[in-house]
Amino acid sequence: MSAGLAAFLDDYSAALRRHVAAPGQEGLSEGYDLGRRALVEGISLLDLTEHHFRAVAEFTQAQADSRRAEVALEFLLQTMAALDIATRGYLDGTRRYEQQRSRAEDLAGRDAFRTALVESLQDGFFVADEHGTIIEVNSAFGGLTGYGAEEVPFTLPHPWALSDRAGYPQIGTEASRFVTPVRHRDGRERWLAVSASSLVHQENDERIFVGTVRDVTAEHDAQARDQAASRLATAVGAATSMVEVLAVGLDELRRTMGAQTALVAVWPSRTGRPDVYSCGAPPSGAGPELTAASASSTATPVREGMGAEVPLDEQVRGLLDRARRQTARGLSAVTTEDEGVEAVVAPLGETGDAALWVRFGTPRAVSAADWALYSLLVGHLSVALQRARNFDQARATSLTLQRAMLGPIELPPRFSVHYEPALPPLEIGGDWYDVVPLRDGTIGVVVGDCVGRGLSAAVVMGQLRTAARALLLRGAGPAQLLAELDTVAARIPGAMCTTVCAAVLDPARGMVRYSNAGHMPPVLAPPGGPGRVLEGGRAVPLATFDTPRRPEATTALPPGATLVLFTDGLVEQRGYDIEEGFVKIADVLSETGAALPRDVADAVLSRLAPAAGYDDDVAMVVYRQPPEPLRIDIPAAAAELTGLRRALYRWFATAAVPHDLAADLVAAANEACSNSVEHAYRDSEPGRVTLTATCEGDRVVLEITDSGRWIPTPTDPGFRGRGVEMMRVLTEDLEFHQDDTGTRVRMWVTLPSITFPTANPLRGTRRDHLDQLPAR
């Protein structure tokens, strides 16, 4: 027996005797302490039990006392209580260990199952922490992004993220469903549909994201193609001319394809140099050979031969020329040596006179989806272009018919006309004007308005205008003209209630006779004075009531006065009193007495134009009566010529002399006055120079007189002395007269007829480089 065991047993025996001798709680506590000591000192339970019963046996032999035996047993049990607790704790720990081990084995099996399940998913799988760091992915995720499980974790920004796509969420940063673009490790761009959920980790209460990703590139590309085609169709849908289609369509095509330059070449005559419509950077060299590619298509454009010359490389021109002659409608690729696509070429339309060329900034790989998109876009543009061409042809026909019915293309001097249809862009309606020079030097003017709009009203208008012109040429006055038009209108379906204002102008006498059949009254304004409405000669519209006699009024035309005849579309606007329109016209005429008639017309239209545009046809005629003769008497000094030139310019504007012709006449008059200043009074006291400007019918005559004598023109004038020749060139005729009283120079020009193009100048298309055209 060891010393430790012997000492413990002796202490146990002593404690047992004390408890037996005096049972109590103190003894039991001592027994419990001995039990804990036994655990610490490693005392065997068997040794303790054997020693206890031997000690008890000695007590019972000494004196038989059953009570003492029970007290001894109570002490033993108290001693063994600590041992019992330790034993049960050990057994519980062992059981828990077994349970944990079984559980760990079960978790290991479940982890293997989970891993196999995740790896079997066709969609990519990922787990991300609350900071957006991807901590777990499956092999499908690696296949979609190029970054697999062996490289986790992936911190923000993720290696597949596109830095130029701001606004798209990162994978693993949101608990939702979204589609985001990614850059595969091989450089391709893909679109992934992400479905993520937010969870809370049970062990550390941290937030994690668990989700899947799916490749939706094909669906996205198909949707993008549909959207691009829809945008292009919408952009060109409102275009009504070829230039408008090209202006909006080619730019949309270039941006959608991500190209640097896009242009279309159109051969108007199938030979010679083409017109080129361009958009983007100026075109340069085309690159390598033309190679057939995929897809069917046609194209869309904007231009070179439109004013500003667009440089076109000869190789590009050759590519376009070959492309337009292709029988098969399809796209072709211009490739580099490494098979990268540098440009795309395609024929346009079905007439073989147009082709498209689109150049990328850098050569690129073009997928089948890209070819499908390019073909779809080019096809839409080709259809829009053909539609615009058809519309242009119809519009040109309409304009030709309109001008034939509307009025003369050439007008006498000092006139300006304007026509604004309510149904653009066909520019045809029921309003008309006519200006007819008559044999006696007078001028007949007719402005009318048929009921209705569009083609039906234009048919009525054409018949009435023709009848009115014939009556004027036959010598009918305003009242007689309207009276006979009553009979004509009564026999034309749809002509009832037509309003007409007819006038005969006498520029030489300064008079106007007029008669009004229910039409807007003319407005007359003297130069610098207030305008007034000519209310005389008014009666009912045509073919409404039997009138025994149409009234007629006569009014003086003051020198330099402006007369305006117009239809009701100019002054009748919803929500406004018609009298306000007349007041505005009178105000404009009083402010523009020194402006050309065409500038007066523009000012009237600008002042009265509604914000939403005219909702009725507008026809307007502006006439300027010749002004009073101009007489300027100045000292023969060079400093006086500046004021003379300014006064002459103002008078020419009042006399409706076109600006370019006025500049020539001012230059000729200035040269004549300069000669008087420099040469007429060379050997005498300075005298005076007198300039007189008059209107003699359609001629403007200038006379410059002085009391001196000009020196003869030398045979070789050298660098100077060419003023007379310049005056001859700048005027229609030049006369000199010299006598003892002085020198007189007489020069004149005939005012040209006012020519209007077939198309309305306010609606004319600009012929520019596409970048200079207005955007849609």
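The model is predicted: local features need pLDDT of at least 70, side-chain atom pairs count only at pLDDT 80 or more, and totals for chains, interfaces and linings use all residues. Residues are numbered from 1 along each chain as its sequence is written, and side-chain values use heavy atoms, with hydrogens and water left out.

## Overall make-up

The protein chain contains 16 helices and 29 strands. These elements are DSSP runs numbered from the N terminus, with helices (H or I) of at least four residues and strands (E) of at least two. Of the 776 residues, 47% count as buried; buried means under 20% relative accessible area, exposed over 50%, and partly exposed in between, with a 1.4 Å probe and protein chains only. The accessible surface of the protein chain is about 37,700 Å², and carbon and sulfur atoms supply 53% of it. Such areas come from the Shrake-Rupley method with a 1.4 Å probe; for residues, only the protein chains shown count as cover. Among contacts in the protein chain with a separation of 6 or more, 67% are between residues 24 or more positions apart. Contact means heavy atoms within 4.5 Å.

## The open sheet and its helices

An open sheet is formed by 5 strands in the order 24-25-26-28-27, with antiparallel pairing. Two strands pair if DSSP finds at least two bridges between them. Strand 24 (630-635) and strand 27 (733-739) are the edge strands, each pairing on one side only. From one strand to the next, the twist averages 15°. Strand 27 is joined to strand 28 (residues 742-750) by 7 bridges in the antiparallel sense, and His 737 stands opposite Arg 744 in strand 28.

Two helices lie across strands of this region. Helix 15 (residues 659-680) lies across strand 25 (688-696), strand 26 (699-706) and strand 28, and runs at about 10° to strand 26. Helix 16 (residues 723-730) lies across strand 27 and strand 28, at about 135° to strand 27. For these angles, axes are lines fitted to C-alpha atoms, for helices over the stretch in contact, and the values run from 0 to 180 degrees between N-to-C directions.

Helix 15 also holds Asn 670, which counts as buried at 16% relative accessibility. Leaving aside neighbours within four places in sequence, Asn 670 is in contact with Leu 641 and Arg 645.

Strand 10 (residues 341-348) has 7 of its 8 residues buried, so it is largely enclosed by the rest of the structure.

| Hairpin | Bridges | Residues between the strands | Turn residue with positive phi |
|---|---|---|---|
| Strand 9 and strand 10 | 4 bridges, antiparallel | 5 residues | Glu 339, about 70° |
| Strand 10 and strand 11 | 7 bridges, antiparallel | 5 residues | Gly 349, about 70° |

Ala 333 has Val 344 in strand 10 as its bridge partner, while Ala 343 is partnered by Arg 359 in strand 11.

## Aromatic pairs

The structure holds 11 aromatic pairs. Rings of Phe, Tyr and Trp (its six-membered ring) pair if their centres lie within 6.5 Å; planes under 30 degrees apart count as stacked, over 60 as edge-to-face and the rest as tilted. The ring centres of Phe 360 and Tyr 374 are 6.2 Å apart and their planes are at 35°, so this pair is tilted. Phe 360 belongs to strand 11 (residues 354-364) and Tyr 374 to helix 9 (residues 368-406), so the pair ties together parts that are 14 residues apart in sequence. Phe 360 is buried, at 1% relative accessible area, and Tyr 374 is buried at 2%. Tyr 374 also forms an edge-to-face pair with Trp 371, at 6.0 Å centre to centre and 75° between the planes. Trp 371 and Tyr 374 lie 3 residues apart in helix 9, about one turn of the helix.

Elsewhere, ring pairs link Phe 126, Phe 141, Tyr 147, Phe 154 and Trp 160 into a cluster.

Asn 516 lies in strand 17 (residues 511-517) and counts as buried at 2% relative accessibility. Its C-alpha atom is separated by 8.0 Å from that of Val 540, 24 residues apart along the chain. Not counting residues up to four places away in sequence, Asn 516 touches several residues, including Leu 482, Cys 501, Pro 521 and Arg 538.
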